[in-house]
Amino acid sequence: MTSVPTPLSAEPAAVRLHKPLSLLEQQKRWGWLFLSPWLIGFFVFTLIPIVASLIFSFTDFYLTRPEQVKFVGLNNWAKLFADPLTLNSLRVTFGFALLSLPVAIALPVLLAALLNSKYLIGKPFFRLLFYLPYIVPAISSIFIWQAFLNGQTGWLNRLLRLIGIADPPNWLGHEFWIGPAMVLMGVWGVGNAMLITLATLQGVPQELYDAAKVDGAGAVTAFFKITLPMISPVIFYNLILSVIGLLQYFVVPYVLTRGTGNPNGAAYFFNMHLYRTAFLFQDMGYGATMAWFIFLIAIVLTIILFATSRRWVYYAGGE
Amino acid sequence: MAAISQPRPHPSVILSPYFVRQLRKFTATSLVTLFGSMLAFIYLLPFGNMMTIALRDQESLAGGPDSPILPMKQLFYEYNDGQRVQRLEVFNVPIDGEVRQLAALIKRRTSVVFIDPNDPTAEPIVWEGNWRALQPAYVFQARWENFPEAWQMIDFPLLFRNTFVIAFLGMIGTLLSSISVAYAFARFPIPGKNWLFIVLIGTIILPGQVTLIPTYAFFSSIGWTGTWLPLIVPHFFANAYNVFLLRQFFMTLPRELDEAAMIDGASPLQILLYVIVPQSWAAIVSVGLFHFVWAWNDYFGPLIYLLGKPELQPISVGVQIFNFRYGPRPELVQATSLMAMLLPILLFILAQRFFMRGVVITGVEK
């Protein structure tokens, strides 16, 4: 395609009065024109704000008095590592991530394997059902789960009492249980990952399973030696998106705890601290520092994940 | 799972291999489907909890953990003994091997005097035993009025209109810009295109916080905070997911049609409008639906940009504020939660295949 216009540009220039643009040049111009919405948006809403965020992090900047922006050097960064609320919110965020990642990674695979099983009757129904909660607005699902997890009247604890657990946990009122409670709520959010995994599972060539069967491999061996490696790219993709999503976890703990992060700060996530700092207290300089800090963490984690992915992610296409 | 014993044919019945195979298949099907149904049941439980609370009245909710799960009302009987009218509790009373619903006139620890509500003039029935051991009688009674009440209190039509306008205008924006950018990536020889595409995809894993504060400060400085503009205008500058989905789709379209149109003198814009777009409705509808549902569900954007502007707020923020205020009325909280999710769920069920195909295109190709 790109080689086609070359003979045109090789024509003697003297033939034409106004040298028209070659086809390639014309195509390039149209290309840039069609690309321009994203290019402009990328600069205005992504690149410049990232740089501005970094600059803000070295200033004392309150939106209520923007004329008094002061350069304060590394003060905000020093404050970041001395602020007990920040450190606690980081601990909460990472603790929750460790608790929630196994579910976020394994559950979609389990559900997709179930939906892919030739023994399941009523696949379209189950697929719809497992995906549906993903479409429910976060606000609705938080209030629905809040009622469901209610220590006294919620169905979960009524059910637990019914099967003989006399004193089921007070899910939302106890600092130890609110994390697991939010992991349970996350179960409603795996629809997307499940569907992508399912589509990948359906693309695994049947010959691989046939060959394994001939070699005497059972269903379990086939799952670990064929299925998992073949869907590892999609697991990796889910892992990256889950990690980034967990670093930004905000709406669930914010609404569930009415912005307090209680009981006892156990649901006071990093992003809630950022929100309070930047928007409630209008301390934009320190807020930007926190934002850049989490950005650095995201970069480091992404690099680590990509580096380790060479060991366990298998690209059949040999990318 | 491995421990589950396979049903073995009785030795006296010599079974053909065909029958054994069928039996094994039947067992596997039952077990897998049963397992799926159990998971589905667990998935649906919170919905059930929501529905039953949304239909109960305050009186029954005040009953706490021992109150009935379903929307029930305790039965009372208005008894007129000739002098005054008494409101008597009705109990399920086991008498002579059957359970009768009787109204308790006198409650004692050793005996209870009952009136039969069906025959109040008959001789009162004396039942030996402690009245506290008896179960109060309930009837099913759903309070549908919770929905209109919540609808009124929250001013649902206003929230609905706000959300709809924000979601719809943003959808137009993201469609126009994402189609254009996807077309650029799919068809044009832009220098450094592969790198630009990697940068675009890279923005998917960019944590939103890092751009948040300067963006907010920018919108604030041009006076856009407290308006819908920050929730709509950025969508006119394309979005990585949508561009990716559309580009993947455009790449599958045969180039011969473009080239034929080009030879006929069509400009690239005409090719996009008359050749590419008409072939891509499925992908375009997917993107539009995704954006609409995303904007409908978005909470953080409206939370920060529409602070203190209740007349502009969308459903997500409106429902949250309402529910914080009316937390002690769980039936209204659950009713509003149901109302807020109705439209996205309906859209999804009606347009399921567009959603599913869209997810598959964005996910699998990476």
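This is a predicted model: local features need pLDDT of at least 70, side-chain atom pairs count only at pLDDT 80 or more; totals for chains, interfaces and linings use all residues.
The secondary structure of chain A consists of 14 helices and two strands. Of its 319 residues, 37% are classed as buried.

The overall dimensions may be considered next. Chain A has a radius of gyration of 27 Å, whereas a compact globule of 319 residues would have a value near 20 Å. Along the principal axes, the C-alpha atoms of chain A occupy a box of roughly 95 × 75 × 35 Å. Chain A is divided into domain 1, residues 6–56, and domain 2, residues 75–312. The centres of these two domains of chain A, taken over C-alpha atoms, are separated by 41 Å.

The interface with chain B involves 77 residues of chain A, which are in contact with 71 residues of chain B. Helix 2 of chain A (residues 23–56) supplies 19 residues, the largest share of the side of chain A that touches chain B. By class, that side of chain A has 57 nonpolar, 17 polar and three charged residues.

Chain B also takes part in the surroundings of helix 7 of chain A. The buried residues of this helix, which spans residues 155–162, are A:W155, A:L156 and A:N157. The elements covering these buried residues include helix 6 (138–148) of chain A and helix 1 (17–54) of chain B. After helix 7 of chain A comes A:G164, which has a positive phi near 105°.

In the loop between helix 12 (251–256) and helix 13 (270–280) of chain A is A:P263. The peptide bond that leads from A:N262 to A:P263 is cis, with omega near 10°.

A:N264 counts as exposed because it has 11 C-beta neighbours inside 10 Å, and the cut-off for an exposed residue is 12 or fewer. A:Q282 has 13 C-beta neighbours inside 10 Å and therefore counts as partly exposed.

Definitions and conventions
Residues are numbered from 1 along each chain as its sequence is written. Chains are lettered from A and ligands numbered from 1 in the order in which they are written. A residue is buried if 20 or more other C-beta atoms lie within 10 Å of its own, exposed if 12 or fewer, and partly exposed in between; C-beta atoms are placed from the backbone. Helices (H or I, at least four residues) and strands (E, at least two) are DSSP runs, numbered from the N terminus. Two residues are in contact if their C-beta atoms, placed from the backbone, lie within 7 Å. Ala, Val, Leu, Ile, Met, Phe, Trp, Tyr, Cys and Pro count as nonpolar, Asp, Glu, Lys and Arg as charged, and the others, Gly among them, as polar. Domain bounds come from an automatic or database domain assignment. The radius of gyration is taken over C-alpha atoms; the globule rule is 2.2 Å times the number of residues to the power 0.38.
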